[in-house]
Amino acid sequence: MYESLALLIDGQFIAEGRATIAVENPATGTELARLPVATTEDLDRAVAAASRAFPAWRDTSAFERGQVLRRAAQIIRERADAIATTLTLEQGKPLAEARGEVLVSADIFDWAAEEARRVYGRIVPGRVPGVRQMVVHEAVGVAALFTPWNFPALTPARKLAAALAAGCTTILKAAEETPGTAVAFARALVEAGAPAGTVNLVFGDPAAISAHLIAQTAVRKVSFTGSTPVGKHLLRLCADGVKRTTMELGGNAPVIVTASADLDAAVAASAASKFRNAGQVCISPSRFFVHESLYPRFVAGMTAAAQDVRVGDGLSEGVTMGPLASARRVTAMEEAVADAVARGAKLECGGQRIGNRGHFFAPTVISGVPADATLLTCETFGPIAPMTSFTDLSDVIARGNSVEAGLAAYAFSQDRAEIAALMKGIEAGIVGINGFAVSTPETPFGGVKESGHGQEGGAEGLEAYLNVKFISES
Ligand code: NAD
């Protein structure tokens, strides 16, 4: 049922003769498989293979690169059930959510395949007769890609699809907690015809691997999705070699519900979004600011919705929320709840782990959370909905903007003037008005402030892997 784990270096899957680490099922705490880890020589071979493969892949027509990506998308769709089972086993989310993630990942490969053919340059009129000025785009080179455990399919797909479509070759270090999905994607790409060296996959100690890869001159681009502290660390490492970077870092999304909002719609959408993937989503709604006229009913509605969530093993029928990814996430939830309660907040429901097997935490609603509580100042990254009320719109926009994160933000309102003020005033790379559907293959995804820089998805997704060259011909 679970993917057979391996490294991929220079077109060869390697499972033997390496040290291994355990991969755990977060629903049971039991070992799923042993993950082979890359040696330093493996990393060097991956860099050499990616460097060797780069000129030919860059010079392969965008049409042909797209065909490889399309075939990979098709293979992923054909294997969606098996890959989704692997994903749920290693990460915990309900099988339906895992399947949806796998299918959207296939769509991302298709989108990038199409977008590769639309990497246009432009001619800029010269100031002097006879001068031709051209702007062209060229693949950056070897890209080192680092992806986290919360979306084991989506995050590798976004990076691999865009990099390969642009003509870059890749070394992916996917999360050691959730390696099976990345291995399944690597197999799909190889079977689809990705030439040896264009896709390499390594695992091991994240800090050691990132330091080693980023130090290589041949690595020209680094794309990371994960926490802000790790992103800052990688940016410092990248500074030495002035590497191109894309940083998709932590969020701390506010949800502003104004007096004019459709309350029932806001509650239903907020609850569905908050508890998706047990809140382990960088664009998850994290801080609820509700107008005082709706606040008691909003808190009651969210509490009822949280109590309706069916928590369990993601493979079980009817389960709507799985476990947290690891024991350390459960500890983080317990600490955040204790901090808020100690500062005077009221626990409406949940607030504690469930059972003593796996890493389950109850869907939680906390009201009256003071501004200095960890739940509001730091990213929760879990199934906790902290509630506070407000009276004045400009004041609440300022409160929403008061954190250093600026990834996603949401607002519910039926008033045009309020919506205009929210769209303009919110400091975030992604804004959802009256809904949470803000991540699609076709649209740009990325943050501002300490949530990082650069986009994935949309036309912008490919730009991250392209250099601009200006040519003036006299
Ligand atoms: P963490 O910071 O230890 O790890 C986050 C991810 O970064 C993991 O996948 C890890 O393998 C990787 N990582 C860690 N150190 C690295 C290094 N030196 N080089 C390269 N990769 C490295 O945190 P965690 O306990 O796994 O998760 C906690 C926090 O991480 C969450 O609270 C959340 O803020 C953040 N996170 C964000 C995202 C996202 O989608 N932006 C995803 C996962 C985790």
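Is Glu 114 buried, exposed or partly exposed, and at what relative accessibility? In this predicted model, Glu 114 counts as partly exposed, because its relative accessibility is 26%.

## Glu 114 and Arg 70

Glu 114 pairs with Arg 70 in a salt bridge whose closest N and O atoms lie 3.5 Å apart. The two partners come from distant parts of the chain, with Glu 114 in helix α4 (residues 95–116) and Arg 70 in helix α2 (residues 62–78), 44 residues apart.

## Arg 99 and Asp 81

Helix α4 also carries Arg 99, which is linked to Asp 81 of helix α3 (residues 80–91), a residue 18 positions away in the chain.

## Arg 328 and Glu 177

A further salt bridge joins Arg 328 to Glu 177, with 3.1 Å between the closest N and O atoms. Here the partners are 151 residues apart, since Arg 328 belongs to helix α11 (residues 327–342) and Glu 177 to the loop between β8 (169–173) and α6 (179–191). Arg 328 is exposed, with a relative accessible area of 52%, whereas Glu 177 is partly exposed, at 28%.

## The wider set

Salt bridges with shared partners connect Arg 70, Arg 77, Asp 107, Asp 110 and Glu 114 into one network. The structure as a whole holds 24 salt bridges.

Conventions: Residues numbered from 1 in each chain as written. Predicted model: local features only at pLDDT ≥ 70, side-chain atom pairs only at ≥ 80, totals over all residues. Heavy atoms only, no water. Salt bridge = Lys/Arg side-chain N within 4 Å of Asp/Glu carboxyl O. Helix = DSSP H or I, 4+ residues; strand = E, 2+ residues; numbered from the N terminus. Buried < 20%, exposed > 50% of the residue type's maximum accessible area, 1.4 Å probe, protein only.
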